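Here's a quick tour of a few spots worth a look. Have the viewer open and follow along.

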Amino acid sequence: MTWATIATWQMAYGGVGKAAEILRKQGAAADALEELIKTVEADPAYTSVGYGGLPNDQGVVECDAAFMDGDTLAQGAVAGIRGVMHAVSVARALSRQHVNSFLVGEGASNFAREQGLSVPSMLTQQAESTWRERKDQVDRGLITPYDGHDTVGALTLSGSGSMAAATSTSGLFMKRPGRIGDSALSGSGYYVDSEVGGAAATGLGEDIMKGCLSYEIVRQMAEGASPQEACDRAVYPFIAKLRRRYGKAGACSLIALDNRGRWGVASNVEFTFCIASSDHAPQVMLANPAPR
Ligand code: SD4
C-alpha cells in the first residue's frame, strides 16, 4: 500500500517525520496532515508560521490557514486569525461545517475560542525583538518589508487512497493588518482531490493568486500530466506571463502529489521541501529555480 507526504520548506522535516509514522501505521491522511502542520506551528524557532511567527506592521501576529479533505472536497479556512497557535486545527474544524467554513478576523478568533483553541499570546520575545530590528532596517531602507516569509503547505496520501491538503502561515513580514494571502484561498494556496492529487503553494500570495496555481496543477494532473509535468506546465508559463503582462513576478513555489504517491515541484526561487513515503524515509530536498 502506497502512502506519501510532501511539504514546503525544510522547517516541515520534523512534522513530515510524524506524519510518516501515522501513515505507516495506516492512519488517516487528514490526521497525519494536521499533526504535520501542528508540529511546525508549535515550534517558536519558525518565524513565519504559528507560535513565534513575526507580527504584522502593528506588532500583532495574524495567521492564515486552510484544510481540505480530498475525499469529500470539504474545506475550512481562517484568515487574519489572532491568538491561536494551531490555526490548522481551527481550519479543520471549520471544514466539517457545510456553511460558515471560511472565517476571518474576529469571527475566526471567536470560533477558535469556542473550540478551546486560543492561547494567551502568539508573540514570543524572540519574534518581537526580530520584528523591532527588522522594522528599523525597513525604516532605514536596508531591507524591503515583504522579504523573509514562508508558509508550511503540505499534502498527504494514506494507504487507503485518501488525500488531504493544508497550509498555515503568519503571512508576509510587515503586512498590513487584515492583509490575506493565498494560503487561506482555495485553488490558490492549496487544492486536493483524492481522485487525482493535490498541490500547495508558498511565496508571494498576491502573485500566486493571480494564477490560481494550486487548482491549475490539479487540473493538469486530472488531464493526465504527472505531478512534475503539471507543476512545470502550470507554474513556469504563468511566471513568464506575469513578467510579460504585469512587469514582474514574486516568489512562487509549488508542490504536488498525485494519488499514486508521485510528487513534483516548481519554483522560481531556491526552495527546500520535504518528502516521505512508503518507499522513502523522510528527507529534505532542494529545488533549484528554473532558468528564467
Ligand atoms: C502569503 N504565501 O501570505 C504566503 C507567504 C509565504 O513564502 O508563503 N511566503 O502570501
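## Two helices crossing

The angle between α7 (residues 213-222) and α8 (residues 227-246) is about 135°, and their axes are 8 Å apart. Axes here are lines fitted to C-alpha atoms, for helices over the stretch in contact, with angles from 0 to 180 degrees between N-to-C directions. Helices are DSSP runs of H or I with at least four residues, strands are E runs of at least two, and both are numbered from the N terminus.

On the α7 side, L213, E216, I217, Q220 and M221 meet a set in α8 that includes P227, A230 and F238; contact means C-beta atoms, placed from the backbone, within 7 Å. By class, that contact has 9 nonpolar, 1 polar and 2 charged residues.

## About the model

This is a predicted model: local features need pLDDT of at least 70, side-chain atom pairs count only at pLDDT 80 or more, and totals for chains, interfaces and linings use all residues. Numbering starts from 1 along each chain as its sequence is written.

## P145 in its loop

P145 lies in the loop between α5 (125-139) and β5 (152-157). Leaving out residues up to four places away in sequence, P145 touches V138, F173 and M174.

Notes:
Two residues are in contact if their C-beta atoms, placed from the backbone, lie within 7 Å. Ala, Val, Leu, Ile, Met, Phe, Trp, Tyr, Cys and Pro count as nonpolar, Asp, Glu, Lys and Arg as charged, and the others, Gly among them, as polar.
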